[in-house]
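Here is a friendly briefing for anyone meeting this structure for the first time. Have a look at the sequence and the model, then read on for a guided tour.

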Amino acid sequence: LELSKLATRVPIPVKESPNEPSAKINILLQAYISRLKLDGFALVSDMAFIQQSAARIMRALFEISLRRGWSSLSKLTLAFANMVSYRIWRSQSPLRQFKNVPEIVARKLERKSDIEWARYADLNPSDLGELVGVPKMGRTLHKLVHQFPKLELSAHIQPITRSTLRVELNLVPDFEFDINIHGYVQLFHIIVEDVNGENI
């Protein structure tokens, strides 16, 4: 009964019966990413298992696809691993990762789908405040947008033989680093793929 109620609240409809094990995992995983509150105690132990295992399983799938050299699957599994780790859907604002962004502000940002995430860095504090309809939040949002991890990447590629290329990669951090937010290490993946985008 609790699982059936939870199934009506998850963002992606589940077609199978909630009694099916795969449907139960699907519902609990969606509830975990969506940060939904559980009504009763029956699902708490199952949710604890999801909480402990989901991120590790998604990360393992990413590692397997990376080792096999499957480019599109690697990018997809990395996106899923990040969704589970940060408990944020890809359709949601990346600013939800910061604790000091109110829910109402995050929702207003998500409704402004006509502005791409990359363009937020070009906006000044007053523009950001106007965008969410809360002028006082403009300065805070501007600071957070510029603290969001981003790299400037430039590559110089030189053919050496018919089957060998020399690649020089220059990476420059383009964000304000804060130990309280980013910790001491920031991990990035650089994926070099073939022309078709199929193989790494």
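At 23% relative accessibility, arginine 87 counts as partly exposed, a label for residues between the buried class (under 20% relative accessible area) and the exposed class (over 50%), judged with a 1.4 Å probe and protein chains only. Arginine 87 lies in the loop between H4 and helix H5 (103-111), and has a positive phi of about 55 degrees although it is not a glycine. Most residues other than glycine have a negative phi.

Two notes on reading the model come next. This is a predicted model, in which local features need pLDDT of at least 70 and side-chain atom pairs count only at pLDDT 80 or more, while totals for chains, interfaces and linings use all residues. Residues are numbered from 1 along each chain as its sequence is written, and side-chain values use heavy atoms, with hydrogens and water left out.

**The overall picture**

- The protein chain has eight helices and two strands; these are DSSP runs numbered from the N terminus, with helices (H or I) of at least four residues and strands (E) of at least two.
- Read along the sequence, these elements follow the pattern α-α-α-α-α-α-α-β-β-α.
- The C-alpha trace of the protein chain spans about 65 × 50 × 35 Å along its principal axes.
- Of the 200 residues in the protein chain, 28% are buried.
- The protein chain has an accessible surface of about 13,900 Å², and 54% of that belongs to carbon and sulfur atoms; the areas come from the Shrake-Rupley method with a 1.4 Å probe, and for residues only the protein chains shown count as cover.
- Among contacts (heavy atoms within 4.5 Å) between residues at least 6 apart in sequence, 45% join residues at least 24 apart.
- The protein chain carries 26 positive and 21 negative charges, whose mean positions are 5 Å apart.
- For that count, Lys and Arg are positive and Asp and Glu negative, with His and the chain ends not counted; each charge is placed at NZ of Lys, CZ of Arg, CG of Asp or CD of Glu.

**The nonpolar cores**

- The largest nonpolar core has 20 residues, and those with the most contacts inside it are Leu6, Ile27, Leu28, Leu29, Met47, Ile50 and Val84; such a core is a set of buried Ala, Val, Leu, Ile, Met, Phe, Trp, Tyr and Cys residues joined through side-chain atoms within 4.5 Å.
- At least two residues of this core come from each of helix H1 (2-9), helix H2 (21-33), helix H3 (44-68) and helix H4 (71-86).
- H2 gives the largest share of this core, seven residues.
- A second, separate core has 17 residues, including Tyr120, Leu123, Val132 and Met137.
- What does leucine 28 touch, leaving aside its neighbours within four places in sequence? Leucine 28 is in contact with Leu3, Leu6, Leu43, Asp46, Met47 and Ile50.

**The strand pair**

- Strand S1 (residues 151-159) and strand S2 (residues 165-173) run antiparallel and are joined by nine bridges; strands pair if DSSP finds at least two bridges between them.
- The hairpin that joins S1 to S2 passes through five residues.
- Proline 159 stands opposite leucine 165 in S2.

**The loop between H2 and H3**

- Arginine 35 is found in this loop and is partly exposed, with a relative accessible area of 44%.
- Arginine 35 also has a positive phi, of about 60 degrees, although it is not a glycine.
- Leucine 38 has its place in the loop between H2 and H3 too, and is partly exposed at a relative accessible area of 25%.
- Not counting residues up to four places away in sequence, leucine 38 touches Leu6, Leu43, Val44 and Met47.
- Leucine 38 and leucine 73 are 35 residues apart along the chain, and their C-alpha atoms are separated by 32 Å.

- Beyond its neighbours within four places in sequence, serine 93 is in contact with Ile88, Ala106, Leu109 and Glu110.
- Isoleucine 181 is found in helix H8 (residues 179-182) and is partly exposed, with a relative accessible area of 37%.
- Leaving aside neighbours within four places in sequence, isoleucine 181 is in contact with Phe98 and Gln147.
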